[in-house]
Amino acid sequence: MAVLDVRHLNVRFETHQGTVEAVRDVSFSIEEGETLGIVGESGSGKSVTSLAIMGLVPSPPGVVTAESIHFEGEDISKLSQKQLRRIRGGRMSMIFQDPMTSLNPLITVERQLSEVLETHEGITRRAARTRCAKALGDVGIPSPEERLDAYPHELSGGMRQRVMIAMGLLCNPKVLIADEPTTALDVTIQAQILELMQRLQKDHGTAIILITHDLGVVAGMSDKVQVMYAGRVVERAAALPLFQRPLHPYTEGLLTSIPTLTGDPNERLSSIDGQPPDLAHLPPGCSFEPRCAWRVDRCTTEAPELGELDGFGGRASACHERARLAARGTIASGEEETR
Amino acid sequence: MSEPLLVVRDLVKKFPYGSKGLFSKPEGHLHAVDGVSFELERGRSLGLVGESGCGKSTTARCVIGLQPATSGSIRFDGVELTGLRSEGWKPLRRRMQMIFQDPYASLNPRMTVGSILSEPLELHTTKKPRDRRLKTLELLDAVGLNPRHINRYPHEFSGGQRQRVGIARALALEPELIICDEPVSALDVSIQSQVLNLLKDLQQRFDLAYLFIAHDLAVVRHLCDRIAVMYLGRVAEIADRDELYARPQHPYTRALLSAIPVPDPVLERARRRIVLTGDVPSPTHPPTGCTFHPRCQEMTKEVELPCTTIVPHLEEVADSTTCRTACHLRARESAGTGAAAGTSR
């Protein structure tokens with residue numbers, strides 16, 4: 001059974017510029033011990049999706065609607081903030097992008113960590129201290145006992161992110177949402193943190209929702225991937241086939257436009273023309289249409305639904321031309337797919 | 001042949017820290033840049049790569065005169081820049097320009113794009129208003145923006161478009177050298193490649209030299225002919241592009257390359273990654289000897305090498321013509337192959 005199952009999630013913000021539809025009709029589910037990568041650029045709705053699941057979208061201006069959000073069998077979409085607070089940080093927790101701003105600068109690491117245990121498990125601070133020290137040790141912080149008394153500013157960026165992870169994992173959550181957990185870090189530190197997350201996942205069977213713009217990080221970490229553009233999921237697939245044969249023009253554009261260590265450095269990078277759309281003034285048809293090389297007439301008027309493709313093992317793409325894209329892929333790789 | 005456009009020799013930049021009051025002495029000095037040397041030819045591009053705090057941005061800011069160097073020499077087209085007074089700088093300013101990282105913070109929100117672009121022309125040229133406007137329109141076109149948007153304000157543009165405005169501003173005075181400080185790291189993935197392509201096109205069109213600051217080795221690879229990898233204020237390795245990526249010499253370069261995630265699940269999962277332990281040490285108390293030694297994965301205990309005591313200097317590598325690296329290990333290997341060929345390794 002899926003540990004988290006989200007159905008038809010919508011988030012909109014009522015602003016002076018008009019209604020911004022930040023997340024439109026997003027559904028997904030995640031199993032125990034699995035990693036789901038959510039990829040997208042700024043404004044694609046990937047972070048708002050996770051905030052909405054946690055009940056952290058400020059209202060007003062935010063309006064969250066969902067058919068259901070089942071977490072361990074319970075529909076949490078209708079819960080009050082008070083009820084959600086029992087789950088948040090306990091059975092479902094979150095790591096934020098910026099460890100510089102998401103820790104409280106005025107209290108010690110120990111107080112921040114033990115607060116979680118006091119809230120969710122009601123244990124005393126003294127008992128909490130040993131648990132906290134162990135948690136810091138688990139995430140690879142040297143001399144954890146001493147570090148407990150440190151303030152966030154005394155720690156480096158990588159150490160602060162480790163504290164965030166330790167905090168997120170204190171109560172052995174079922175689901176961990178990691179929102180750009182390594183974006184603010186240097187690459188050598190990023191490698192350490194990613195390795196740590198994988199190890200902890202293996203030990204605890206935590207399901208991880210990994211939100212990132214870095215396709216390289218997704219490639220190494222995720223079992224399945226969903227690509228978002230302008231608030232919608234445009235493609236959903238297992239990690240391997242997605243990278244080998246993208247079935248949405250945006251995914252393909254993203255994959256071919258990143259500078260890599262392997263391609264011919266003298267060749268021009270291919271790029272997606274144009275700019276991401278203004279979410280308050282989306283085009284009536286497909287949001288990607290103005291930048292798309294595959295567009296046909298109906299793309300300007302009719303928004304494509306996320307639809308599964310026959311013979312592609314449950315892969316889904318929101319593109320009118322997905323069949324054409326898929327057919328081309330088949331020819332290029334020389335495989336015969338059942339159609 | 002004449003001197004390269006930019007020659008930097010033994011550049012040092014120290015910042016005092018820990019001063020308790022206005023008149024008290026500082027506790028010590030932080031060596032942000034500690035003896036950096038490189039050269040940049042006309043029309044070429046040099047990448048300065050490293051993690052945060054390695055001194056790459058400080059180096060760039062010293063070159064363009066935003067910060068005075070503590071010691072060392074910076075020569076631009078034969079003119080010594082260190083110790084130059086403001087009158088001396090003025091004719092040089094138009095010949096070297098800068099593109100900043102954050103397109104949101106580096107454009108004045110109260111100025112239209114037209115006035116942002118014509119301001120340098122006003123200050124440095126005798127062009128009449130009409131000609132300035134024509135030039136501005138030309139610049140917008142050159143960076144791929146719609147010339148009709150000349151009266152718009154920065155907030156009306158997206159991040160990528162704003163960075164194009166920043167690039168146009170740097171081009172306004174037809175400089176010979178542009179310092180790019182992480183010009184694409186604040187941009188979305190799909191916009192990064194657009195801007196990188198634009199920078200490459202402009203380089204060919206206007207014969208520009210780039211000093212390109214970045215933390216991402218994959219980005220630098222597409223734009224730079226030569227790359228210097230920095231660690232804690234020093235150059236760990238400098239080499240021509242193909243050489244650096246094919247045969248990285250310094251253990252830090254190797255770790256850096258292996259740490260970059262590859263957007264290919266098969267490769268990415270099969271890869272043996274060198275994961276460095278620990279953090280970048282504080283530049284206020286750098287490790288003794290080779291500053292990289294506490295994190296070095298190749299330093300071996302059994303062989304007597306002065307990694308922990310003596311600072312290694314940039315030296316040629318035996319079988320390479322373009323690479324110089326600061327590593328005792330490589331130096332010994334090179335000496336070994338040079339002096340006694342055949343002694344086993």
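In helix α9 of chain B, the buried residues are Pro251(B), Tyr252(B), Thr253(B), Ala255(B), Leu256(B), Leu257(B), Ser258(B) and Ala259(B). Buried here means under 20% relative accessible area, exposed means over 50%, and partly exposed is in between (1.4 Å probe, protein chains only). That makes 8 of the 9 residues of α9(B) buried, so the helix is largely enclosed by the rest of the structure. Helices (H or I, at least four residues) and strands (E, at least two) are DSSP runs, numbered from the N terminus.

A word on the ground rules. This is a predicted model, where local features need pLDDT of at least 70 and side-chain atom pairs count only at pLDDT 80 or more, while totals for chains, interfaces and linings use all residues. Residues are numbered from 1 along each chain as its sequence is written, chains are lettered from A and ligands numbered from 1 in the order in which they are written, and side-chain values use heavy atoms, with hydrogens and water left out.

**Where the two chains meet**

- On the chain B side, 42 residues are in contact with 49 residues of chain A, contact being heavy atoms within 4.5 Å.
- About 3,800 Å² is buried between chain B and chain A, with carbon and sulfur atoms giving 55% of that; buried area is the accessible area (1.4 Å probe) that two parts lose on being put together, summed over both.
- The rule finds 19 residue pairs in polar contact across this interface, both residues at pLDDT 80 or more. A polar contact is a pair of N or O atoms within 3.5 Å; within protein, one must be able to donate a hydrogen and the other to accept it, and residues adjacent in sequence count only if both atoms are side-chain atoms.
- Five helices of chain B each supply at least two residues of the side that touches chain A: α6 (189-206), α7 (217-221), α8 (241-246), α9 (251-259) and α10 (265-270).
- Of these, α6(B) gives the most, with 9 residues.
- By type, the residues on that side of chain B divide into 19 nonpolar, 10 polar and 13 charged. Ala, Val, Leu, Ile, Met, Phe, Trp, Tyr, Cys and Pro count as nonpolar, Asp, Glu, Lys and Arg as charged, and the others, Gly among them, as polar.
- There is 1 salt bridge across the interface by the rule: Asp201(B) pairs with Arg268(A), their closest N and O atoms 2.7 Å apart.

**Salt bridges elsewhere**

- Over all chains the count comes to 38 salt bridges, each one a side-chain nitrogen of Lys or Arg within 4 Å of a carboxyl oxygen of Asp or Glu.
- In chain B, Glu174(B) and Lys135(B) form one, with closest N and O atoms 2.8 Å apart. Glu174(B) sits in the loop between α5 (159-171) and β7 (177-181), and Lys135(B) in helix α4 (residues 129-142), so the pair ties together parts that are 39 residues apart in sequence.
- Glu174(B) is exposed at 53% relative accessible area, whereas Lys135(B) is buried at 9%.
- Glu316(B) forms a salt bridge with Arg324(B), the closest N and O atoms being 3.6 Å apart; Arg324(B) is partly exposed at 32%.
- In chain A, shared partners join Glu110(A), Arg125(A), Arg129(A), Glu145(A) and Asp149(A) into one salt-bridge network.
- Lys78(A) and Asp75(A) also form a salt bridge, with closest N and O atoms 3.9 Å apart. Lys78(A) is exposed at 58% relative accessibility, and Asp75(A) is partly exposed at 24%.

**Two buried residues to look at**

- Gln203(B) is in helix α6 of chain B and counts as buried, at 10% relative accessibility.
- The Gln203(B) side chain reaches the backbone oxygen of Arg44(B) at 3.4 Å. Not counting residues up to four places away in sequence, Gln203(B) touches Gly43(B), Arg44(B), Ser45(B), Leu208(B), Tyr210(B) and Leu223(B).
- Cys286(A) is in the loop between α10 (249-257) and β11 (307-308) of chain A, and at 13% relative accessibility it counts as buried.
- Leaving aside neighbours within four places in sequence, Cys286(A) is in contact with Cys299(A), Glu302(A), Ala303(A) and Pro304(A).

- The chain B span is 36% helix and 26% strand, with its end C-alpha atoms 27 Å apart.
- The chain A span is 39% helix and 27% strand, and its end C-alpha atoms lie 27 Å apart.
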